[in-house]
Amino acid sequence: MPVESGNSAAARQAKQKRKSHSLSIRRTNSTEQERPAIHRDMLEGQDSKLPMALRSNLLDLFGQIEREFENLYLENIELRREIESLNERLAGEGQTVDGGDLSKGALKTKASHSTSQLSQKLKTTYKASTSKIVSSFKATTSRAVCQLVKEYVGHRDGIWDLSVTRTQPLVLGTASADHCAMLWSIETGKCLLKYAGHAGSVNSIKFHPTEQMALTASGDQTAHIWRYMVQLPLPQPPADISASLDDDVDFSDKDEADGEADGPNECPTVRVASTTLRSHQGVVIAADWLVGGKQVVTASWDRAANLYDVETSELVHTLTGHDQELTHCCTHPTQRLVVTSSRDTTFRLWDFRDPSIHSVNVFQGHTDTVTSAVFTVGDNVVSGSDDRTVKVWDLKNMRSPIATIRTDSAVNRISVSANQRIIALPHDNRQVRLFDMTGVRLARLPRSNRQGHRRMVCCSAWNEENQACNLFTCGFDRQAIGWNINIPALLQEK
């Protein structure tokens with residue numbers, strides 16, 4: 001009969017050990033499913049001030065941690081046994097090859113190489129196992145507290161843009177595809193005034209820095225300047241919005257008739273503009289006031305931006321150079337600077353500080369349509385794109401962005417808080433996310449059947465004067481929403 005060699009015997013013994021150990025692992029895993037229930041029953045009798053839902057979530061997380069570390073411990077034991085078996089086999093081979101000391105020569109090199117491979121395997125297994133736990137904690141931790149305060153319902157089509165007045169009284173303005181712009185009471189959510197002077201979709205709305213005048217851009221190829229006078233109603237106690245909605249109802253395909261039924265009943269209407277700006281040969285997609293309010297800039301699908309004099313309505317400059325339709329324009333709050341965005345994947349910075357020289361800089365930092373580019377109070381420009389990124393630029397050195405935010409959906413018209421320097425990102429996927437200027441994610445606004453947007457979010461706007469309702473968003477679900485964003489003081493100092 002053939003005699004079994006020492007090497008094959010050692011290998012067979014190691015295989016039996018691994019097989020028996022794998023059986024023990026399966027037996028252990030079968031009892032792991034019973035542990036969370038046992039622990040939960042034991043802890044339910046203990047006194048705790050935590051809500052039951054939060055407590056249950058914590059128990060599930062800690063149960064997952066315990067299972068992951070137990071699996072790591074068992075794998076570690078099995079790997080140690082394999083190391084011992086490998087060392088025994090290498091020791092036997094060393095005696096037959098050179099009969100020398102096992103701690104020297106080629107045998108030591110083989111053993112150290114095998115041990116390093118197993119050590120690397122242990123590290124990789126540990127990292128892969130713990131990454132799920134760490135990510136689950138990150139997903140449930142928010143650095144900002146976000147709460148829905150008020151919903152502004154009354155438009156009969158999607159809302160493209162919104163803005164807050166810069167002077168008293170503070171009101172919210174919305175621009176909609178239903179050919180109307182509306183002014184709302186921030187506290188009560190009631191419509192105070194409707195502007196119906198456009199013959200096409202109203203694509204943007206901006207308020208004069210010192211006077212009660214609004215600037216709207218429209219699909220009828222014009223921009224209108226119109227005056228308003230509103231009287232704020234007395235504030236009412238906040239209503240519980242979530243209590244009136246059914247948990248099991250999905251509003252994503254809500255009929256348009258519902259929006260019409262909720263429209264304002266008694267809302268004064270303005271139908272004539274004080275100034276009409278005509279020069280574009282295409283849709284006017286956006287418009288904004290230059291610092292001081294004596295000039296305005298408009299952006300159009302005719303690939304040009306126009307600079308107008310407000311008093312005379314005359315065209316002062318035509319800003320050309322973009323290869324495709326413009327998507328947005330924005331002015332600096334304290335300097336005569338304009339930034340225009342386009343579908344040609346670029347945004348351009350126009351400098352009017354020197355009356356004799358009008359310089360322009362082209363920035364190619366995105367790979368898809370630049371949906372908006374806005375100034376901050378400091379020397380920064382923040383741009384958002386359909387390439388699912390947002391980039392922060394320094395005006396003093398705009399060769400490359402100082403921060404890049406990567407998201408999972410196209411970004412629409414962004415806004416930056418002047419006081420807290422927080423970027424609000426409205427997305428095509430109905431989400432709104434908050435980031436700081438360094439690209440660190442702070443929060444995601446809550447969204448469900450109870451609250452939040454139910455279709456694409458088109459725009460965001462900050463309100464620095466009202467701490468109770470300091471962020472507004474609008475979307476194609478025909479509603480604007482006011483939010484209270486509370487940033488911890490420690491995070492603001494950071």
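**Cysteines, aromatic pairs, sheets and core in a predicted model**

Cys 191 counts as buried, at 11% relative accessibility. Here buried means under 20% relative accessible area and exposed means over 50%, with partly exposed in between (1.4 Å probe, protein chains only). The model is predicted, so local features need pLDDT of at least 70 and side-chain atom pairs count only at pLDDT 80 or more, while totals for chains, interfaces and linings use all residues. Residues are numbered from 1 along each chain as its sequence is written, and side-chain values use heavy atoms, leaving out hydrogens and water.

Cys 180 is also buried, at 12% relative accessibility. The structure holds zero disulfides, a disulfide being a pair of cysteine sulfur atoms within 2.5 Å. Cys 180 is in no disulfide, and its nearest cysteine sulfur, that of Cys 191, is 9.3 Å away.

Aromatic rings come next. The structure holds nine aromatic pairs. Rings of Phe, Tyr and Trp (its six-membered ring) pair if their centres lie within 6.5 Å; planes under 30 degrees apart count as stacked, over 60 as edge-to-face and the rest as tilted. Strands (E, at least two residues) and helices (H or I, at least four) are DSSP runs, numbered from the N terminus. Tyr 152 is buried, at 0% relative accessibility. Trp 184 is buried as well, at 1%.

Phe 347 and Phe 363 form a stacked pair. Here the centres are 5.2 Å apart and the planes make an angle of 25°. This pair links distant parts of the chain: Phe 347 is in strand β17 (residues 347–354) and Phe 363 in strand β18 (residues 357–363), 16 residues apart. Phe 347 is buried, with a relative accessible area of 0%. Phe 363 counts as buried at 8%. Elsewhere, ring pairs join Tyr 195, Phe 207, Trp 226 and Tyr 228 into a cluster.

Two strands pair if DSSP finds at least two bridges between them. Six bridges join the antiparallel strands β17 and β18. Phe 363 in β18 is the bridge partner of Phe 347.

A nonpolar core is a set of buried Ala, Val, Leu, Ile, Met, Phe, Trp, Tyr and Cys residues joined through side-chain atoms within 4.5 Å. The largest has 25 residues, of which Phe 347, Val 382, Ile 423 and Leu 425 touch the most other members. Elements that give two or more residues to this core include β16 (337–342), β17, β20 (380–385) and β24 (422–426). Strand β19 gives the largest share, four residues. Contact means heavy atoms within 4.5 Å. Beyond its neighbours within four places in sequence, Leu 425 is in contact with residues including Val 390, Ile 405, Val 411, Ile 414 and Phe 435.

A further open sheet has four strands in the order β11-β12-β13-β14, with antiparallel pairing. Its edge strands are β11 (284–289) and β14 (315–319), each pairing on one side only. The twist averages 20° from one strand to the next. Five bridges join β11 to the antiparallel strand β12 (residues 295–300). Ala 286 has Ala 299 in β12 as its bridge partner.

Ala 304 sits in the loop between β12 and β13 (305–309). Ala 304 is buried, with a relative accessible area of 8%. Leaving out residues up to four places away in sequence, Ala 304 touches His 280, Thr 298, Ala 299, Thr 318, Leu 319, Thr 320 and Leu 326. The C-alpha atoms of Ala 304 and Gln 281 are separated by 9.3 Å, and these residues are 23 apart along the chain.

Technical notes:
Axes fitted to C-alpha atoms, helices over the stretch in contact; angles between N-to-C directions.
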